[in-house]
Amino acid sequence: MEKPMIFVISDSVGETAELVVKAALSQFDDGPYELQRIPYVEDKETLEEAVQQAKEKNALIGFTLVIPELREHLLEQADKNGLECIDIMGPMMDGMHRFFQTEPRLEPGLVHKLDEDYFKRVEAIEFAVRYDDGRDPRGISRADIVLIGVSRTSKTPLSQYLAHKRLKVANVPIVPEVEPPEELFRVDPKKCIGLKISPEKLNDIRRERLKALGLGDQASYANLERIKQELEHFNNIVEKIGCDVIDVSHKAVEETANVIINKLRNGFGTSN
């Protein structure tokens, strides 16, 4: 039997909502629960997507949203879909409004303003996870940086490293058999960075990867001719986009990240 699901929706980090939900859950001993946090919700479209996901999993929703319009919209959508939906902070804010006779500021995340740098980093890390490996092309337009490359060019670890520098990074794998998302060709090319690598170096990396997985190194994944085909396709894509390219053949993740950060500071336009 699947674990009961609880969605925690917030217009900030979602930490407050999750703590309250966990405190309430501690009073029930019917078994384990699974929590899914959806942070930094800023629009009705995201709320509607979250409600549909909750409906598919028959989940309970707990939320902290300070914008009244978003609070009301979420409650309406949940009611329409027959879902239990709990406003964790709204009633307290309404009560304080009546008591203090003062309008609330309605700014998400004020409780964390003193440590804004930390939470920007958390937001960037969650962004990198959400938009890793091209799983959601909408991240391309929302990202500070879009990394493009074939498999095993360190896109994911590089995304995470840059996220710790408070940069929102999406990455998109380039595979000959799969058309790149249209968003990739509509976004500002200055946001995109192609990660190129020599065929021989990539061949070595992939062969080691297959060995680590307990597989033979004869698969097409580590075939040199196949790799050259992938890299040629990659070159065509980055040329079409018109973005900068960095050669990562002999660079550690930290080195590549520093090149990207320097490019951001000094302006793009020089390949390495």
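The model is a prediction, and its chain has an average pLDDT of 90. A score of at least 70 is reached by 93% of the residues. Confidence in the chain is highest in strand β5 (residues 145-149), with a mean of 98, and lowest in helix α5 (residues 116-130), with a mean of 87. Where pLDDT is low, predicted coordinates should not be read in detail.

Eleven helices and eight strands make up the secondary structure of the chain. Along the principal axes, the C-alpha trace spans about 70 × 50 × 30 Å. Of the 272 residues in the chain, 40% are buried. One of the strands, β7 (residues 192-196), contains Cys 192. The relative accessibility of Cys 192 is 0%, and the residue therefore counts as buried.

Aromatic contacts were examined next. Two aromatic pairs were found. In one of them, the ring centres of Phe 99 and Phe 100 are 5.1 Å apart and the ring planes meet at 80 degrees; because this angle is over 60 degrees, the pair is classed as edge-to-face. In the other, the rings of Phe 127 and Tyr 131 have centres 4.5 Å apart and planes at 55 degrees, so this pair is tilted. Phe 99 and Phe 100 are both exposed, whereas Phe 127 and Tyr 131 are both buried.

Phe 99 belongs to helix α4 (residues 90-100). Its relative accessibility is 69%, and Phe 99 is therefore counted as exposed, the cut-off being over 50%. Together with Met 92, Met 96 and Phe 100, Phe 99 forms a nonpolar patch on the surface. The accessible area of these residues together is about 500 Å².

Rings also take part in contacts with charged side chains. The charged end of Arg 206 is placed over the ring of Tyr 221, at 4.5 Å from the ring centre. In a further contact, the charged end of Lys 240 is placed over the ring of Phe 185, 4.5 Å from the centre of that ring.

Salt bridges were searched for in the whole structure, and 15 were found. One of them joins Glu 18 to Arg 37, with 2.7 Å between the closest N and O atoms. Glu 18 is in helix α1 (residues 15-25) and Arg 37 is in strand β2 (residues 34-38), so this pair ties together parts that are 19 residues apart in sequence. Glu 18 has a relative accessible area of 15% and is therefore buried, while Arg 37, at 30%, is partly exposed.

A salt bridge is also formed by Glu 49 and Arg 138, whose closest N and O atoms are 2.3 Å apart. This pair links distant parts of the chain, since Glu 49 lies in helix α2 and Arg 138 in helix α6 (residues 138-142), 89 residues apart. Both partners are partly exposed: Glu 49 has a relative accessible area of 23%, and Arg 138 has a relative accessibility of 26%.

The side chains of Arg 186 and Glu 182 form another salt bridge, with an N to O distance of 3.3 Å. Arg 186 counts as exposed at 60% relative accessibility, and Glu 182 counts as exposed at 57%. Elsewhere, Glu 177, Arg 206, Arg 226 and Glu 230 are linked in a network of salt bridges.

Finally, the backbone was examined for positive phi values in residues other than glycine. Asn 58 has a phi near 50 degrees. This residue is located in the loop between α2 (44-56) and β3 (60-64), and Asn 58 is exposed, with a relative accessible area of 65%. Arg 166, which is not a glycine either, has a positive phi of about 70 degrees. Arg 166 is found in the loop between α7 (155-163) and β6 (169-173). With a relative accessibility of 39%, Arg 166 counts as partly exposed.

Methods:
Residues numbered from 1 in each chain as written. Heavy atoms only, no water. pLDDT = per-residue confidence, 0-100. Helix = DSSP H or I, 4+ residues; strand = E, 2+ residues; numbered from the N terminus. Phe/Tyr/Trp six-rings, centres within 6.5 Å; stacked < 30°, edge-to-face > 60°. Buried < 20%, exposed > 50% of the residue type's maximum accessible area, 1.4 Å probe, protein only. Lys NZ or Arg CZ within 6 Å of the ring centre and 35° of its normal. Patch = residues over 30% accessible without salt bridge, like charges linked within 9 Å, V, L, I, M, F, W, Y side chains within 5 Å. Areas by Shrake-Rupley, 256 points an atom, 1.4 Å probe, with all protein chains shown as cover. Salt bridge = Lys/Arg side-chain N within 4 Å of Asp/Glu carboxyl O.
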